[in-house]
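Subject: Handover of a protein structure

Dear colleague,

Please find the sequence and the structure below. An account of what was found follows them.

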Amino acid sequence: PEQVITVEAKVAQDDIAIIGQSCRFPGANNIEEFWQNLCNGVDSVGEIPADRWDIDRYYSSTPAPGKMYTREGGFLDAIGDFDADFFGISPQEACWIDPQHRLMMEVGWEALEDAGFAPRQSAESRVGVFMGIMSHDYSQLNVDDETQIIDGFRGAGLSHSAGVGRISYM
């Protein structure tokens with residue numbers, strides 16, 4: 001016999017509301033595409049894009065030091081597209097900013113637009129920015145021949161705290 005369980009829920013009154021959001025996921029450039037993929041059971045894992053790295057150089061069918069044993073992953077589309085001028089960033093600085101920072105600026109702007117805010121006019125609003133960021137992979141690129149360039153932007157371009165600061169400043 002089935003047992004019926006009754007749950008009583010209480011709703012607390014809070015002064016917090018999510019009024020705007022934005023995202024990027026593999027196979028989804030916005031919230032609508034993300035939810036549609038979930039509803040349709042879309043598998044957004046695919047072969048490593050050729051413009052990311054030479055998979056044949058790093059692939060091995062068995063685990064080995066310095067090698068990877070998969071040819072697939074979840075990748076964002078058009079990761080290299082970034083309108084640095086729109087955000088007041090020089091092209092030279094933009095190339096050394098962690099792509100996660102660039103994405104945060106883009107989706108931060110979109111979230112404000114989604115909320116109905118004009119980003120440059122919301123300075124007096126009580127708005128919080130919450131972000132998630134992961135590894136420092138970009139800082140580990142082999143740039144031995146360009147160390148003078150990257151050293152000039154290493155602090156602001158690669159630190160996670162600077163990513164949050166960019167959104168706050170924006």
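A polar contact is a pair of N or O atoms within 3.5 Å; within protein, one atom must be able to donate a hydrogen and the other to accept it, and residues adjacent in sequence count only if both atoms are side-chain atoms.

Residues are numbered from 1 along each chain as its sequence is written, and side-chain values use heavy atoms, with hydrogens and water left out.

Confidence

The pLDDT is the predictor's confidence in each residue, from 0 to 100. Its mean over the protein is 79, and 73% of the residues reach 70 or more. Confidence is highest in α1, at 94, and lowest in helix α5 (residues 147-158), at a mean of 57. Where pLDDT is low, the predicted coordinates should not be read in detail.

Overall layout

The protein holds six helices and two strands, and from the N terminus on the elements run α-β-α-β-α-α-α-α. Helices (H or I, at least four residues) and strands (E, at least two) are DSSP runs, numbered from the N terminus. Of the 170 residues, 26% count as buried; buried means under 20% relative accessible area, exposed over 50%, and partly exposed in between (1.4 Å probe, protein chains only). A contact means heavy atoms within 4.5 Å. Among contacts between residues at least 6 apart in sequence, 57% join residues at least 24 apart.

Helix α1 and its ends

At the start of helix α1 (residues 31-40), a side-chain oxygen of N30 comes to within 3.1 Å of the backbone nitrogen of E32. After α1 comes G41, with a positive phi near 65°. A positive phi, of about 50°, is also found at A78, although A78 is not a glycine. A78 belongs to the loop between β2 (72-74) and α3 (91-94).

R71 is placed in the loop between α2 and β2. Because its relative accessible area is 27%, R71 is partly exposed. Not counting residues up to four places away in sequence, R71 touches G46, E47, I48, I55, D56 and Y59. Its C-alpha atom is 6.0 Å from that of I48, although R71 and I48 are 23 residues apart in sequence.

I48 is also among the contacts of W53, together with Y58, M68 and F75, when neighbours within four places in sequence are left aside. W53 lies in the loop between β1 (45-47) and α2 (55-58). Is W53 buried or partly exposed? Its relative accessibility is 31%, so W53 counts as partly exposed.

A nonpolar core is a set of buried Ala, Val, Leu, Ile, Met, Phe, Trp, Tyr and Cys residues joined through side-chain atoms within 4.5 Å. The largest one has 11 residues: F82, A84, F87, I89, A94, I97, M104, M105, W109, I167 and M170. Helix α4 (residues 99-114) gives the largest share of this core, three residues. In soluble globular proteins, nonpolar side chains tend to be buried together.

V107 is found in helix α4. The C-alpha atoms of V107 and I167 are separated by 9.7 Å, and these residues are 60 apart along the chain. Leaving aside neighbours within four places in sequence, V107 is in contact with S22, C23 and R24.

G163 is located in helix α6 (residues 160-169). With a relative accessible area of 1%, G163 is buried. Residues up to four places away in sequence aside, G163 touches H101 and M104. G163 and R102 are 61 residues apart in sequence, and their C-alpha atoms are 8.3 Å apart in space.

Cysteines

How many disulfides does the structure hold? The number is zero, where a disulfide is a pair of cysteine sulfur atoms within 2.5 Å. C23 is buried, as its relative accessible area is 10%, whereas C39 is exposed, at 64%.

Yours sincerely

Conventions: Predicted model: local features only at pLDDT ≥ 70, side-chain atom pairs only at ≥ 80, totals over all residues.
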